[in-house]
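Thanks for coming. Please look at the model first.

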Amino acid sequence: MPQGARRTWAWAVERPGPIASGPLRRRERTVPAPGPYELLLEVAVCAVCRTDLHLAEGDLPPRRPGCTPGHQVVGRVAAAGSAVRDVFAGDRVGAAWLAGTCGTCRFCRSGRENLCPESRYTGWDIDGGYAGLVLVDARYVHRLPAGWGDEEVAPLLCAGIIGYRALQRAELPHGGRLGLYGFGASAHLTAQLAVARGATVHVVTRSPAAQHMARDLGAASAGSGPPPEPLDSAILFAPAGDLVPVALAALDRGGTLSVAGVHLTGIPQLDYERHLFQERTVRSVTANTREDGRALLAEAARLRPAVRLARYPMDRADEALADLAAGRVTGVAVLIA
């Protein structure tokens, strides 16, 4: 074993495929000592994201063999690299989806690091938090709000951040009408941000449990059919491309649809007059910036949104993903070490 390396266990995507086929396997592995700008984190909690399911099932092709999923990681610093100056052993930090960028391209220099061609992602390019220990870049971790438990704060690191960016991209006017298509981990947090900003929120989901939760969290309506009024903005959280024309058709003149997922099934043919005319806009959401993370965590610390949790031991990560795939998770699943 290399000097300074430590042994840990981790879930790995060994052979992507349907979750019922068992693409995740629990393995022991060696974690090297942190490099100059790295932190070795002892994982406390890792929230489960649908992106983890896409990775396990092969919808999102793995970028490295045997990759460990998980990008909503709350952990304590076990060791820090020689160049790290502002994080210390024992500190609690969060590791999110964005794991690194080049820092020099035109996108990074203009504040759009989420579009960096060399961007790297936790649980896709580097091993993630479905593990006992994980190595992360200290420059990309987040300080976490005081007074929040590990389980409660973990979902903010992707579900919260991506929902925040999707809401910004949707250009919701003050007091506007927002439609949310799908109501899982990210949407149930985003809905609360929008309501706090004075929006009227309408939720479209087939799940009776999710409909009940949406109304409980302040949605004006929640059902499986069209919203009861034209929308100024909409966010598509469900990874279903056939909902793109549905959501566009529900927009009022000048409305904007924001598509939040990293993976989406095929989009049917659009009709220009019905779906796009009158200056309707469709926009994608690509990852996030560190500034998105800081802004979301500050807003969440102020508003304190309710986080609906489904708890699983870390050694049941495969079960958590199976439940997510089957629609049995209401809110957000978290894996507890």
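Let me start with helix H4, residues 159–169, which packs against H9 with the two axes 9 Å apart and at an angle of about 100°. This is a predicted model, so please keep that in mind throughout. Angles from 65 to 115 degrees count as roughly perpendicular, and H4 and H9 are therefore roughly perpendicular to each other.

Which residues meet here? From H4 they are Gly160, Ile161, Tyr164 and Arg165, and from H9 they are Asp292, Gly293, Ala295, Leu296 and Glu299. Sorted by class, this contact has 4 nonpolar, 2 polar and 3 charged residues.

How many cavities of 30 Å³ or more does a search of the whole structure find? The search finds 2.

I will take the second largest cavity next, with its volume of about 30 Å³. Its lining consists of Leu156, Gly160, Leu189, Leu193, Leu296, Ala300 and Pro305. Helix H5, residues 185–196, and helix H9, residues 290–303, are the elements that give two or more residues to that lining. Gly160 and Leu296 are among the lining residues, and both also belong to the contact of H4 with H9.

The largest cavity holds about 50 Å³ of space. Strand S6, residues 98–100, and strand S8, residues 133–137, are the elements giving two or more residues to its lining. Among the lining residues are Leu98, Ala99, Val136 and Asp137. By class, the lining of the largest cavity has 8 nonpolar, 1 polar and 1 charged residues.

That is all from me.

Notes
Residues are numbered from 1 along each chain as its sequence is written. This is a predicted model: local features need pLDDT of at least 70, side-chain atom pairs count only at pLDDT 80 or more; totals for chains, interfaces and linings use all residues. Side-chain values use heavy atoms; hydrogens and water are left out. On a 1 Å grid over the protein atoms alone, a cavity is a set of points where a 1.4 Å probe fits but cannot get out, and a pocket is an open set with protein on both sides within 12 Å along at least five of seven lines; lining residues have an atom within 4 Å of a point. Grid points are joined across faces, edges and corners, and a volume is the space filled by probe spheres set on the points. Helices (H or I, at least four residues) and strands (E, at least two) are DSSP runs, numbered from the N terminus. Ala, Val, Leu, Ile, Met, Phe, Trp, Tyr, Cys and Pro count as nonpolar, Asp, Glu, Lys and Arg as charged, and the others, Gly among them, as polar. Axes are lines fitted to C-alpha atoms, for helices over the stretch in contact, and angles run from 0 to 180 degrees between N-to-C directions. Angles under 35 degrees count as roughly parallel, over 145 as roughly antiparallel, 65 to 115 as roughly perpendicular and the rest as oblique. Contact means heavy atoms within 4.5 Å.
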